[in-house]
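Hello,

Here is the structure for your files. My notes follow below it.

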Amino acid sequence: MADLRVDLSGIGLDNPVIPASGTFGYGQEFAALYDINCLGTFSFKGTTQAPRFGNPTPRIAETPAGMLNAVGLQNPGVEQVIAQELPRLRQVFHKPVMANVSGFSVEEYAHTCALLDREEQVGWLEVNISCPNVHNGGMSFGATPEAAAKVTRAVKAVTTKPVYMKLSPNVADIAAIARACEEAGADGVSLINTLLGMRLDLKSRRPLLANGTGGLSGPAVFPVALRMVYQVYEAVHIPVIGMGGVSSAEDVIEMMLAGAAAVEVGAANLVNPFACRDIIRDLPRVMEKYGMNSLREIIGGAHHG
């Protein structure tokens, strides 16, 4: 029988499939469609210290084999998440959840992470230093090893739970940034976030997105994401969560062979709300097809034959 179990920093998951932040809300909408306890876990919507309305509309644009988004971290703020979203989540999801955190200063990252670290249902903190859709925040902290390390140290100083730094692909050397996070105390890294992109409206001759640029996600980015996961796996000794264009059980296996200990699924949830459930159901078939008995045994398999 296929063994789908994996481990993230000492916390066991029934399977490696994790809906990515920003594509699964705080779980309620999907819980109305299927039992979300079938998931390994999920990364909830990027949460900031203060409430955010997000960027002006339009902030979504379709592209071949993907989409651009410039939502801009719309969320109710950490205090509202703790007071309302997490109690509601406990009613429908009975596993540790991954808390995704964004910020506009090192102090804000630390404050928000410290509050969420106290919540019993939060198993991991996924610290987003890679959002390309907001000005003066997020991505700027993931652009250099020094800035990434500074946020990592600040968050680790005020938390007790595993901290995973979410890295940007829009950099010259993602492996160097991953190493800096590891040296600063990160328990793991997540990658990749979206690639910076743009579309133009031919009639108006202006950008389709009000923000001008947005983050490209979907199947188009999968080869880039896979390459970066492969590189980072070789550069660090901490777990890697792989993501970027994953839309099938085969993609999950490929990410794990490249070095991912678990795999996040993002844009696919917006195309098919049952995507993660269907991928989990299909994993045993794909494992049998390729002679795999345990997913834990294949992590990094592409590096050693």
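Is Cys181 buried or exposed? Cys181 is buried, with a relative accessible area of 0%. Here buried means under 20% relative accessible area, exposed means over 50%, and partly exposed lies in between (1.4 Å probe, protein chains only).

First, the ground rules. This is a predicted model, in which local features need pLDDT of at least 70 and side-chain atom pairs count only at pLDDT 80 or more, while totals for chains, interfaces and linings use all residues. Residues are numbered from 1 along each chain as its sequence is written, and side-chain values use heavy atoms, with hydrogens and water left out.

**Cysteines**

The whole structure holds zero disulfides. The cut-off is a pair of cysteine sulfur atoms within 2.5 Å. For Cys181, the closest cysteine sulfur is in Cys113, 13 Å away, so it is too far for a bond. Cys276 is also buried, at 0% relative accessibility. Its closest cysteine sulfur belongs to Cys38, and 8.1 Å is too far for a bond.

Helices (H or I, at least four residues) and strands (E, at least two) are DSSP runs, numbered from the N terminus. Strand 6 covers residues 97-101, and five of its five residues are buried. Val97, Ala99 and Val101 point one way; Met98 and Asn100 point the other way. In a regular strand, side chains alternate between the two faces of the sheet.

Strand 6 runs parallel to strand 7 (residues 122-128), joined by five bridges. Pairing takes at least two DSSP bridges between two strands. Val101 sits opposite Val127 of strand 7. With helix 3, the two strands make a right-handed β-α-β unit. Right-handed means that, with the strands pointing away from the viewer, the path from the first strand over the helix to the second runs clockwise.

Thr112 lies in helix 3 (residues 106-117). Thr112 is buried, with a relative accessible area of 0%. Leaving out residues up to four places away in sequence, Thr112 touches Thr47, Thr48, Gln49, Val78 and Val101. A contact means heavy atoms within 4.5 Å.

Best wishes
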